[in-house]
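Please look through the sequence and the structure shown here before reading the briefing that follows, which moves from the whole protein to its ligand and then to a single residue.

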Amino acid sequence: MELQQLGWNDFFAEQFADINPDGRIPGRVAYQHRTHYGVYTEGGELRAQTAGALRHRSVWMADLPAVGDWVVLLARPDEGTATITAVLQRRSSFSRKAVLSGGMPDTGGKTDEQVVAANIDTTFLVSGLDADYNLRRIERYLAIAYDSGASPVVILNKADLCDDADTRIEEVGQVAFGMPIHLISALTGDGLDIFGEYLTKGKTAVLLGSSGAGKSTIINALLGREQLRTGAVREFDGRGRHTTTHRELILLDGGGLVIDTPGMREIAIWEDDEGLGSTFSEIEQLAVGCRFRDCTHVNEPGCAVLAALAEGALDQGRYQNYLRLRKEIAHLRTRKDTKARRQLERNMDKKIRNYFQERERLRKKGLI
Ligand code: GDP
Ligand code: ZN
């Protein structure tokens, strides 16, 4: 592997030279699994762990390596392993607030920022032009993208499902002032070639957007094959168990790189300004009519959501997206960081409650 192809440039080369690490080599983090890392180097991929000294001088989670980071390695190529001795300064990064279980033993339950993707050139803000289209949400994502330091590019996907794309482009143009806006259909392949303009050799991108917006479909199209879920590698976790890990820094044939980490997906779910309740308001409203209060709307008798689905009053695609998002949230809930999770759940519940209170207020006033 050629370093430039992985995104190496003067910005990193100068830092590396300043550290002047005798006999050490640079590498870029391709995946992280708790305290284990996969790192791309000129000589291929190495499995790595952080040096004790690096952990000791790390005050914040953000001082530790994340996917996309350039790191300094003490390599043992014959073993296929390495020790990460330093993290080079980032050009840009996405983070989320989190209390982490793995990695830092002594965070004492305090909230900290966890970097979920580093050194990104372009953020593609993906929004579907279907029922989930929401201008406020696009605004929110724009703000997150700005914070990261990576240039935002708006991608309006599912053009095949939209009759008035021109109106949408105009609307989005008013909130995404001066940002490039591209209309595509990941399904038909229309407009996909614009990604090539940004993903030139060594350039790294992330895709940000709600669940169901089409991010995986786009990445798979860029890969030209279903590689996203097949790049699995076998790894040992901290307790010596076998686990499956995916490379989250993906090298494209065209020369660019895409970062797709679970953390990026979490930003998509939790930073969503309005939460599950309002995104799928018609489903939440239907659910009031279900026979069982804890109905999951999958196979229960007397389920009002399934009834609406059978009658065609509820769109099948909307229902599928709802189930998908719920599954992702459930997946998050199985994570170990219970404190952060509980906080997130509380926020979510509050948002949903506020939403219904507001609806009720407007209904009483006869405004809806
Ligand atoms: P993600 O959650 O953002 O990764 O979204 P996915 O890539 O999984 O896509 C969600 C759903 O939208 C899937 O059923 C896709 O097949 C569908 N989809 C993605 N792009 C398009 C598109 O351009 N047009 C249409 N009609 N459907 C699309
Ligand atoms: Zn139900």
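**Briefing on the predicted model**

Of the 368 residues of the protein, 49% count as buried, where buried means under 20% relative accessible area, exposed means over 50%, and partly exposed lies in between, judged with a 1.4 Å probe and protein chains only. This is a predicted model, in which local features need pLDDT of at least 70 and side-chain atom pairs count only at pLDDT 80 or more, while totals for chains, interfaces and linings use all residues. Residues are numbered from 1 along each chain as its sequence is written, chains are lettered from A and ligands numbered from 1 in the order in which they are written, and side-chain values use heavy atoms, with hydrogens and water left out.

**Overall build**

- The protein has 12 helices and 15 strands, which are DSSP runs numbered from the N terminus (helices are H or I with at least four residues, strands are E with at least two).
- Among contacts between residues at least 6 apart in sequence, 66% join residues at least 24 apart, a contact being heavy atoms within 4.5 Å.

**Confidence**

- The pLDDT, the predictor's confidence in each residue from 0 to 100, averages 80 over the protein, and 75% of the residues score at least 70.
- Where pLDDT is low, the predicted coordinates should not be read in detail.

**Ligand 1**

- Ligand 1 is surrounded by 17 residues, and the closest are Asp160, Gly212, Lys215, Ser216 and Thr217; a residue is near a molecule if one of its heavy atoms lies within 4 Å of it.
- The largest share of this shell, three residues, comes from helix H6 (residues 215-223).
- An N or O atom in the side chain of Ser216 is 2.7 Å from an oxygen atom of ligand 1, while a backbone N or O atom of Ala186 lies 2.9 Å from an oxygen atom of the ligand, and a backbone N or O atom of Gly214 also lies 2.9 Å from a ligand oxygen atom.

**Asn134**

- Asn134 lies in the loop between strand S8 (122-128) and helix H3 (135-148), and its side chain reaches the backbone nitrogen of Arg137 at 3.1 Å.
- Asn134 counts as buried because its relative accessible area is 16%.

Note on methods
A polar contact is a pair of N or O atoms within 3.5 Å; within protein, one must be able to donate a hydrogen and the other to accept it, and residues adjacent in sequence count only if both atoms are side-chain atoms.
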